[in-house]
Amino acid sequence: VSGAEKKRWTLNDFDMGKPLGRGKFGHVYLAREKRSNHIVALKVLFKSQLQQSQVEHQLRREVEIQSHLRHPNILRLYGYFYDQKRVYLILEYAAKGELYKELQRCKYFSERRAATYVASLARALIYCHSKHVIHRDIKPENLLIGAQGELKIADFGWSVHTFNRRRTMCGTLDYLPPEMVQSVEHDASVDIWSLGVLCYEFLYGIPPFEAKEHSDTYKRIVQVDLKFPPKPIVSSAAKDLISQMLVKDSVERLPLHKLLEHPWIVQNVDPSG
Ligand SMILES: Nc1ncnc2c1ncn2[C@@H]1O[C@H](COP(=O)(O)OP(=O)(O)OP(=O)(O)O)[C@@H](O)[C@H]1O
Ligand SMILES: O=C(O)c1cc(-c2cccc(F)c2)nc2ccccc12
Ligand SMILES: [Mg+2]
């Protein structure tokens, strides 16, 4: 759907198909763009609900960010339009649906499948960070699966553009203390932590710091109370990678480009990518 940015879309440009799912602010439908016959997912959001939840600015930011990202493992946002009551997002259709449903169905993934997913997510995040975009909400619910089984990061609702704030806010960086200057790195490394949590959940079927009460989960996270269950059996290489990502001090976390060179990834991702 090239040149989509300039075009002014309306609902008449689409034939509506089956509902694909329900989100917090509305429904997502399968749709076909009439001129190109291109199949898309049309996310319909109600303005009233967006206003009630005061997420208008977040949605505009999500649209602004996602519409400029181009990567095979990032769900495309081709464009948007709105009418009196609703805002419509024209999204790439992920034919194999939600990753978390697939994880629930399989209970946990094989090491090869988990490593393949982790590697594609790492590549997508390297791309995002190179554009000074941090996702900040990497979790199974926000991952969709494309027609060829490839992973697509969706839902940039919590993503932020860090660069401008840092630069424009203070002009020169010269007078900023290390933690302020580092904070751009610092923020980017939140996605490394989340990817480590995801890798653990792919292999064990449960997230590493799960607890009955929120307060207990909070404690386990801040203490990095990382334990590997005896079952299912997981290779020490996988545990080594996870242990290098779930590190409290963010600057100590394994950088994403180093992750792609880790033995567990190299040995478990088929070279065809
Ligand atoms: N591009 C897509 N392709 C296929 N299915 C989709 C797509 N986008 C959404 N869906 C389906 O619709 C459901 C709801 O979509 P989504 O999660 O984006 O809404 P939401 O939950 O309101 O968003 P958010 O998670 O930011 O609150 C998803 O769980 C998924 O099943
Ligand atoms: O009536 C509007 O001008 C309007 C526009 C947008 C909007 C504009 C661009 C991108 C985007 F994602 C959303 N969101 C809204 C949310 C609530 C109420 C009104 C609006
Ligand atoms: Mg959702």
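Analyst: We begin with residue classes: Ala, Val, Leu, Ile, Met, Phe, Trp, Tyr, Cys and Pro count as nonpolar, Asp, Glu, Lys and Arg as charged, and the others, Gly among them, as polar. By that scheme, the shell around ligand 2 has six nonpolar, one polar and three charged residues. This is a predicted model, in which local features need pLDDT of at least 70 and side-chain atom pairs pLDDT 80 or more, while totals for chains, interfaces and linings use all residues. Residues are numbered from 1 along each chain as its sequence is written, chains are lettered from A and ligands numbered from 1 in the order in which they are written, and side-chain values use heavy atoms, without hydrogens and water.

User: Which residues are around ligand 2?

Analyst: A residue is near a molecule if one of its heavy atoms lies within 4 Å of it. The residues around ligand 2 are K47, L50, Q51, E56, L59, R60, V63, Y80, Y82 and V87. Accessible areas come from the Shrake-Rupley method with a 1.4 Å probe, and for residues only the protein chains shown count as cover. Ligand 2 taken alone exposes 440 Å², of which the protein buries 85%.

User: Which elements give two or more residues to the shell around ligand 2?

Analyst: Elements are DSSP runs numbered from the N terminus: helices (H or I) have at least four residues and strands (E) at least two. Those giving two or more residues to the shell around ligand 2 are α1 (47–52), α2 (56–68) and β4 (77–82). The largest share, four residues, comes from α2.

User: How many residues surround ligand 1, and which are the closest?

Analyst: Ligand 1 is surrounded by 17 residues, the closest being K24, K43, E92, E98 and D155. They divide into eight nonpolar, three polar and six charged residues. A polar side-chain atom of K43 lies 2.7 Å from an oxygen atom of ligand 1. The backbone also takes part: a backbone N or O atom of E92 is 2.7 Å from a nitrogen atom of ligand 1, and a polar backbone atom of A94 is 3.0 Å from a nitrogen atom of this ligand. Taken alone, ligand 1 exposes 600 Å², and the protein buries 84% of that. Both β1 (14–22) and β3 (38–46) give two or more residues to the shell around ligand 1, and β1 supplies the largest share, three residues.

User: Is K107 buried or exposed?

Analyst: Buried means under 20% relative accessible area, exposed over 50%, and partly exposed in between (1.4 Å probe, protein chains only). K107 is exposed, because its relative accessible area is 57%. M245, in helix α8, is buried, with a relative accessible area of 0%. The C-alpha atoms of M245 and V190 are separated by 10.0 Å, the two residues being 55 residues apart along the chain.

Definitions and conventions: A polar contact is a pair of N or O atoms within 3.5 Å; within protein, one must be able to donate a hydrogen and the other to accept it, and residues adjacent in sequence count only if both atoms are side-chain atoms.
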